[in-house]
Each structure stands twice: as structure tokens, then as C-alpha cells.
Amino acid sequence: EQPGDGFREAPDLGPLAAAWGVAFDPGKVVVDARHALTVQGTAGPVRHLGFLGFGPEALAADDPLTATLELITFATAGSLAPAGDPAPRFEPLVTTSAESALMDAARFAEPTGPEALFEGFAPGGERHVLAARLGGRPASAWPAGPPPGATAPADGHLAAASEDAQIILVADTDLLADPLWTRGAGFGGARVLEAWAGNGDFVLNALDLLGGSDALVALRGRASFLRPFERVEELRRRADARLRAEQVALERELEATEQRLFELQSGRDEAGSPLPSAGQAAELARFREERARVRREVRDLRRELDR
């Protein structure tokens, strides 16, 4: 996904995934009700099923790459799973809750707000892996020789790894997109980016570990980026689930009322014929009252959610 360009289907990992023994479907996006981040929707703040934030409970506690991190965020990420026979050494680094599911990527290309993603959402109880560490000695994705355009190594092409591989695979290309883990702040007349999530530390830890050193890993990720009120967040999730259907119905009613009001103000009835001025005035007054009532009920519902 490129910022501002709308959703683009992720590239297929192609022969790499198959050679490494990893299953990945670029047409599916992981959604998670428990880890959904709050974004600005069409009618105010709303939780986005595809924008996810994972704390220590979702990160591998025994892996130095994630052990010291407190929050990693993802946007429209995919799911990774071991595949093949035999399956590779597959160690999950970031795992969803049981309140997650896979959703068609096409849903995220629709011109609707994040509220619409809750329609038809049904958690399957299965946990999905968004980042993993792979090991073993995988076969080459090009066993017959280097792919077209690549230069053959001087010591010859390897049909399979000669020693245990160290591969870190993340099913999200947005991991380092600035808005996903930083916020801008003014300092001395310049704009400075301040981290509020540990995505940068995750990548630096990965580079250190793949480079053969973990000397700096323990120094990262210990600062607190976000200390949520966990009990409050749990209450908010429950209330949101309880009141969401009612809010969606009210917003649809409001949309239909405003559409009808627009038609009346244009001087047309459902058949497109001009309305008598007296009848038009009465209809306008009735639909204006209806619009005020629905808006009032939406406000009351939001107050109930906050309460």
C-alpha cells in the first residue's frame, strides 16, 4: 500500500515462499478486533480492523528480536504459515489474537470508511502470524541456476543452503511508513519525527541479528512508547461491539433521510415530478425533524459508549 495512492495488491512472494516452505496469500489481509488501532473515521474516531498494534502479549518473548519491544504496528498485513514437506523451522515473532480472521484484500479498495469492515466480520478463533523467523537449509528458488539477469557467484550456484539459514519474514510492506509508527513535532523551527511505536527498533534489531551481533539489541525498545489503560480498552472494545450494530443502522437511516431531504429541496418526488409548494414544505419540515432526531440518537449513542 502506497500512502495516498489507494490500496494496491501486494506482490506475490512467488518462488521464494515456495522454496522457503512458507504459505502466503497476497489476496488476504489479516484483521483483528482485539488489536485494532483507532483512526479517524467518517463520523469520528473508529477502530480499524486492518490497522493493528501488537504489545508484548503478541510478541515472541524468548526471541531477542522482539523480547524488549512494547508495541509494533501493521497496516493491511498478510498472514504467514509453514508449508511443504518437510516444513521449515518456523518461529512466530508477531501473532494475532483469537479475535482475528482473514479478509479479502479487495474490501480495502472499496471507497468506504473503516466502519464498513465490521460488516460480516466473524472471528474464526485462529491466530495468524504476521512476522516469523525461518531456519533450516532451504532449497534455492532457482535450482537450475541464477534467475535471468542475475550474475552467477564466483564459487558457483548453490541448489540448496549449505548451512542453516537465518531469514526474517514480515508480511507487511508498510512497516516503516512514517505515519504508522512516528508523529511529527516542531523543534527549533524544524519538523522532527518522534517514535510512538517500536517498528524502527524491530528493523534495527533484525539487521543486527542477521549481521551476526546482538550487542545493541538489548538497549532498544525499553523506553515506553505507549502505556494504554488496558482495563479501559477492554471495556471500550466490549461496548463498541455491543453498540456497533445500532450505530450503523442509525447512520444508514441518517444517510437515507438526508438523501430524501436533498431530493425534496430539489423540488422532486420519487417519480421526479414537481411537488406542490405546500406539500413540499410539509415534507421538508417532516424530514428535517427526522434528521434532527436521528442525529440526536447518534449523539446519545456515542455518549452511552463513552459512559
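Buried means under 20% relative accessible area with a 1.4 Å probe, protein chains only. This is a predicted model, in which local features need pLDDT of at least 70 and side-chain atom pairs pLDDT 80 or more, while totals for chains, interfaces and linings use all residues. Residues are numbered from 1 along each chain, and side-chain values use heavy atoms, without hydrogens and water.

- Beyond four places in sequence, Leu130 touches (heavy atoms within 4.5 Å) residues including Leu52, Phe54, Phe74 and Val94.

**Strand β4**
- Nine of the 11 residues of β4 (residues 44-54) are buried.
- β4 pairs (at least two DSSP bridges) with β3 (residues 36-41) in the antiparallel sense over six bridges, and Val39 stands opposite Val46.
- β4 also runs antiparallel to β5 (residues 72-75), joined by four bridges; Leu52 has Phe74 as its bridge partner.

**Ser79**
- Ser79 sits in the loop between β5 and β6 (81-82) and is buried at 15% relative accessible area.
- The side chains of Ser79 and His128 form a polar contact of 3.5 Å.
- A polar contact is an N or O atom pair within 3.5 Å; within protein, one atom must be able to donate a hydrogen and the other to accept it, and residues adjacent in sequence count only if both atoms are side-chain atoms.

Terms used. Buried < 20%, exposed > 50% of the residue type's maximum accessible area, 1.4 Å probe, protein only.
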